[in-house]
Amino acid sequence: MSKRPGSKLPGGGGGAGKRKALSIKEKLDIIKRFEGNERTCDISRATGLKESTLRTIRDNAVKIKETSRTGTGTSAAKSIRGRPREIEEMERLLSLWMEGKRSGTTFLTAKGKALSIYADLKRKSSNPGEVAPFRASCGWFSGFKHRYNFQSLQLLGEAASAQLKAAKELPALIQKLVKEEGYTLDQIFNFDETGLYYKRMPRRTYISRAEKHGPGPKAAKDRVTVLLGANASGDLKLKPVVVYRSANPQALRGIVRASLGVHYRYSKKGWMTAQVCIDIFAEFFPVLEDYCKKKNLAFKILIIIDNAPSHPLTIAELNPNVKFIFLPPETTSLIQPLGQGVIALFKAYYLRRTFKMLLSATGGENAETVIEFWKRFNIKMAIDIIVEAWNDVTRECLHRVWKKMLPDLIHDFKGFEPSEQLKKIKASCVDLAKQVGFEGVKKKDVDELLEAPPDRLSSEDMRQLAAEGQAEAEDEDEEDSPKAAPRQLDTVQLSDVLGVIEKQLQWLEDNDYNAERSRIVARGIRTNLEPYRHLQYERRRLAKQQKSYVYLKRREINGPSTSGSAASHLALDTPRSVTPQ
């Protein structure tokens with residue numbers, strides 16, 4: 001998840017404010033406040049600085065400390081200038097939109113969305129003529145990526161030929177790994193998440209029309225993120241993960257969360273975050289171990305997952321028996337198993353069961369009306385449907401969708417094709433809609449609802465959701481405040497610490513007159529430090545492979561192409577262009 005400046009609009013007019021230079025001492029004082037677990041808003045009130053400025057200082061703490069040690073204080077004091085409030089609000093809304101997309105964003109699509117949001121903000125300004133012009137230049141985009149930590153975005157999209165090449169090479173490498181390591185289909189898993197607007201209906205229903213023209217926030221824009229996971233044999237489906245924007249919604253109060261049938265998690269915007277991802281996989285591992293025991297299999301698991309920002313590299317270090325492969329971004333939509341029909345079927349089953357629940361509640365004498373039912377439809381009811389919809393996805397489907405990833409290992413089910421099953425479910429949704437009373441619903445309306453990307457929100461929609469999330473977070477601030485960022489073991493600092501410990505152990509051995517005592521102590525400490533030394537070795541190995549991978553990719557672009565096998569093998573080991581820290 002990207003780091004965002006504060007959600008509140010800065011005060012003042014639309015012009016530039018005075019510059020304020022912060023000394024290295026002032027920045028170090030701010031860093032100490034963060035290290036003392038002070039909240040950003042409290043530091044902002046105490047110093048008079050904007051939260052976005054404070055977060056920038058926090059994120060650059062290592063560089064600032066290094067600068068203070070080397071004495072280059074003059075270069076550390078950076079000018080801070082006020083920016084037009086419309087631009088700051090536009091960037092905040094644009095970051096929400098881009099986080100929802102998760103992948104596939106280029107400079108051209110981001111530029112178009114930025115201009116659209118800015119034009120909307122300018123039109124609704126009290127003095128549109130005084131709003132500064134905005135061109136969404138390459139320079140602005142570069143600064144925006146830095147401010148919101150979208151460094152992985154590129155100015156141009158990946159070439160289609162590169163996508164197809166990677167998608168063709170990767171399955172062969174994964175199959176080779178499966179064969180060499182002896183994984184069975186029961187031990188290979190894929191996880192993927194999807195956005196779900198759990199209270200959205202097809203466009204031609206009168207519920208949709210009434211809500212569109214009604215006052216207040218739109219319930220159809222209320223979103224959850226659902227993480228699904230299953231193995232290649234289709235024999236094990238993990239309990240779904242539901243991430244919602246409220247930590248303790250009214251509909252779930254008093255309910256034992258373990259009885260919901262899902263792993264319920266909270267994030268401020270209802271999106272998957274790195275911390276949620278880490279916590280969830282830590283809970284999944286014991287389930288996978290028990291499954292292997294029941295199947296009389298060794299506990300070794302291969303997990304294939306995309307490299308979204310919400311999937312941190314640190315999940316690969318949680319359990320030595322679990323190996324992760326992070327799919328390169330250009331291959332995710334082409335070969336990721338759950339993306340080959342499972343997610344689409346799950347959403348179709350969700351819609352069908354929603355219609356069935358609606359039909360059951362409104363049928364018969366003295367039954368409630370459709371509008372009455374829809375007003376009381378809540379997140380608890382949505383979770384119940386999510387559980388049932390996931391149960392509806394068959395073992396054959398979960399097995400069949402691995403055909404692109406593991407073509408030599410998947411048995412082709414004759415007569416079963418996810419796309420054909422999806423057509424049948426959509427047709428069923430249309431029939432149920434007509435039974436409810438939505439006579440105008442057509443197949444294309446269901447197609448539009450199920451196939452629309454989960455990020456198709458207007459700037460007004462995004463402002464409403466942001467306001468709702470902020471208000472709910474303030475109401476539950478004491479009980480359900482967001483968790484801190486996941487802890488990270490920096491590789492360089494880890495090496496420094498191990499070096500210092502080794503030097504002190506050597507001092508004991510050199511100066512203790514009792515050689516046996518010093519030998520026993522030193523041996524015990526070195527033995528206990530072995531897990532950290534192994535982690536240091538693995539980090540260095542991955543970093544070395546990453547450098548080799550970058551070199552080979554440059555050779556492919558600038559010179560004769562290297563062996564596809566060697567380059568792809570490195571891509572398999574380190575598919576993300578991030579050096580482990």
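In what order do the 6 strands of the open sheet stand?

1. The strand order is 6-5-4-3-7-8, and the pairing within this open sheet of 6 strands is mixed. Strand 6 and strand 8 are the edge strands; each has a single partner, so one side of each is without a neighbour in the sheet. On average, neighbouring strands are turned by 25 degrees against each other, direction ignored. The model discussed here is a predicted one.

2. At one end of that order, strand 7 and strand 8 run parallel and are joined by 6 bridges. Isoleucine 303 has phenylalanine 324, in strand 8, standing opposite.

3. Helix 10 packs on the sheet and touches strand 3, strand 4, strand 5, strand 6, strand 7 and strand 8. The direction of helix 10 makes about 165 degrees with that of strand 6. Helix 10 covers residues 274-294, which is 21 residues. From its first C-alpha to its last, helix 10 reaches 31 Å, close to the expected 30 Å.

4. Which residues of helix 10 are buried? They are Ala274, Gln275, Val276, Cys277, Ile278, Ile280, Phe281, Phe284, Phe285, Leu288, Tyr291 and Cys292. These buried residues pack against strands that include strand 3 (188-197), strand 4 (223-231) and strand 5 (241-244). The others they pack against are strand 6 (263-266), strand 7 (301-306) and strand 8 (322-327).

5. Backbone angles deserve a separate check. Most residues other than glycine have a negative phi. Asparagine 296, which follows helix 10, has a positive phi, near 55 degrees.

6. Asparagine 37 is not a glycine, yet its phi is positive, about 65 degrees. Asparagine 37 sits in the loop between helix 1 (24-35) and helix 2 (40-47). Is asparagine 37 buried or exposed? Asparagine 37 counts as exposed because its relative accessibility is 70%, and the cut-off for exposed is over 50%.

7. Alanine 136 also has a positive phi, about 55 degrees, although it is not a glycine. The loop that holds alanine 136 runs between helix 6 (107-123) and helix 7 (138-147). Alanine 136 has a relative accessible area of 1%, so it is buried, the cut-off for buried being under 20%.

Terms used:
Residues numbered from 1 in each chain as written. Predicted model: local features only at pLDDT ≥ 70, side-chain atom pairs only at ≥ 80, totals over all residues. Heavy atoms only, no water. Helix = DSSP H or I, 4+ residues; strand = E, 2+ residues; numbered from the N terminus. Expected span 1.5 Å × (residues − 1). Buried < 20%, exposed > 50% of the residue type's maximum accessible area, 1.4 Å probe, protein only. Contact = heavy atoms within 4.5 Å. Pairing = 2+ DSSP bridges. Axes fitted to C-alpha atoms, helices over the stretch in contact; angles between N-to-C directions.
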